[in-house]
Amino acid sequence: MDDDLILKNAKPVPRYTSYPTAPHFSEAVGCSEYETWLSAIEPGEALSIYAHVPYCDRLCWFCACHTKQTLRYEPVATYLNGLHREIAAIGGRVNGEAKVTALHLGGGSPTLLRPDDLIALKQAFARHFAFSGDCEISVEMDPNDLDEARHDALAAIGMTRASFGVQDFDSVVQKAINRIQTFEQTRDAIEASRARGVRSVNCDVLYGLPYQSLPSLEATIDAVTSLAPDRVALFGYAHVPWMKKHQSMIPDESLPGIVERFDQMSRAAEMLVAAGYEAVGIDHFAKPDDSLAIASREGRLRRNFQGYTTDSAETLIGLGASSIGQFRQGYVQNMPATGEYLRQVEQTGLAAIRGYRLTPDDRLRARVIASIMCDFSFSFAEVAGEFPGGGAVIEEAKLFRARDVDGLTTIEDGIFRLTARGRPFARSVAAVFDAHLQSGRGRHSVAV
Ligand SMILES: C[S@@+](CC[C@H](N)C(=O)[O-])C[C@H]1O[C@@H](n2cnc3c(N)ncnc32)[C@H](O)[C@@H]1O
Ligand code: SF4
């Protein structure tokens, strides 16, 4: 692909795991809206739950997650007490007949929890919420944490999907990102999960890392595919040292440029497809019989704060410091600082600090942006049918197409669609429909 085209369309824009995105949340929405929204959950409604563990026993220099390193367990134990309080407080406000269909433990590293604490956490959820029989239980796994007792505890809580952080296997890259993790360690952790009945394994892989080259990335992709994960998430390294100070340990000059990043992404994608994976959305790959690939083929792919999902629940409850919940009415986010989070849950059980109430225009644009990010297209007839104001967005799509000299999009039979050339720039095309972008809140990472 033409270098100019890549540079032109790789300008920093959001990753659109929500619309509007988190920098637009404000204190106009807090605990009282949260309470109202929780009590409006209907009996029988499907619920998705995310619980955040903002601790790791190592700190990788590339990491943009909300976490901090701790070598002592005491802060983790204190945090878990707060999480238990929040689970009870929220469980008490939600209709007892709403059914949890997905529980995701993320972080940070939930795998640093002691085995008994993992089990106690799941028991607390089971005490305060009703779970559906086929609830998906997924956990973000740091292979470095895992021992037999933790694997047993993860099996005991009924984990169905294990998502392993891999990033890159090259030793020079690993040193530069302060994350030493051998292939054997990763392989053994995956095998131990599978031996305990985990059916779905995901590996996170990054491109755009310091000192990464095409040959080193190719070797990593070969190693990853030899482990036969069901899914691979291929993320571009987001270098945001103004937000994450420890990223400044990574020298700017060690980072691949935008065109190199694009080539790395394209090569990794090509290898994954050649290895039998189907591309899903902008950054996922899944075996054809994996539920994510099936949902993508059937137009049922969804996007939430954890990325792409098959989860169709309209309500996502976020627990723990910094977590974001998603409701029909809008979004709500918990206090990010663990100390404040703990003080707040101690007092009221809820720790919401900011959020966003959706307007009719937001709902329309959220729908269009989600369709672009998931399906690379949206139908004019559907949008006009679902939203009285749909005509405005359709006009914007036509105007964009008229000016799209690079051939990123087409409009045929009333469908606005990204071309093969346009797909790598889905974030940039989605940004065209973002009415909040111009407000200048939030600085984002490059779009490829
Ligand atoms: C919570 S971690 C995964 C679990 C576990 N803590 C681990 O590292 O193995 C979530 C994932 O986010 C991705 N990630 C973290 N920082 C990133 C960044 N700056 N840019 C892109 N992806 C990033 C990594 O691929 C990482 O595996
Ligand atoms: S990548 Fe994972 S283990 Fe490393 S600091 Fe981030 S959350 Fe922790």
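1. A residue counts as near a molecule if one of its heavy atoms lies within 4 Å of it. By that rule, 20 residues surround ligand 1, and the closest are Phe 62, Glu 140, Gln 167, Arg 179 and Asp 204.

2. This is a predicted model, in which local features need pLDDT of at least 70 and side-chain atom pairs count only at pLDDT 80 or more, while totals for chains, interfaces and linings use all residues. Residues are numbered from 1 along each chain as its sequence is written, chains are lettered from A and ligands numbered from 1 in written order, and side-chain values use heavy atoms, with hydrogens and water left out.

3. A nitrogen atom of ligand 1 lies 2.8 Å from a backbone N or O atom of Phe 62, and a nitrogen atom of the ligand is 3.0 Å from a polar backbone atom of Gly 108. At Met 141, a polar backbone atom is 3.3 Å from an oxygen atom of ligand 1. On its own, ligand 1 has 560 Å² of accessible area (Shrake-Rupley method, 1.4 Å probe), and the protein covers 90% of that.

4. Strands here are DSSP runs of E of at least two residues, and helices are runs of H or I of at least four, both numbered from the N terminus. Strand 5 (130-141), strand 6 (161-167), strand 7 (200-207) and strand 8 (231-236) each give two or more residues to the shell around ligand 1. With Ala, Val, Leu, Ile, Met, Phe, Trp, Tyr, Cys and Pro counted as nonpolar, Asp, Glu, Lys and Arg as charged, and the others as polar, this shell has 9 nonpolar, 7 polar and 4 charged residues.

5. Around ligand 2 the residues include Cys 56, Cys 60, Phe 62, Cys 63, Gly 108 and Arg 179. The shell of ligand 2 divides into 5 nonpolar, 2 polar and 3 charged residues.

6. Across the model, the count comes to 14 aromatic pairs. The Tyr 55 and Tyr 79 ring centres are 5.7 Å apart with planes at 75 degrees, so this pair is edge-to-face. The pair links distant parts of the chain, with Tyr 55 in strand 2 (residues 55-56) and Tyr 79 in helix 3 (residues 74-93), 24 residues apart.

Methods
Polar contact = N/O pair within 3.5 Å; in protein donor to acceptor, adjacent residues only side chain to side chain. Phe/Tyr/Trp six-rings, centres within 6.5 Å; stacked < 30°, edge-to-face > 60°.
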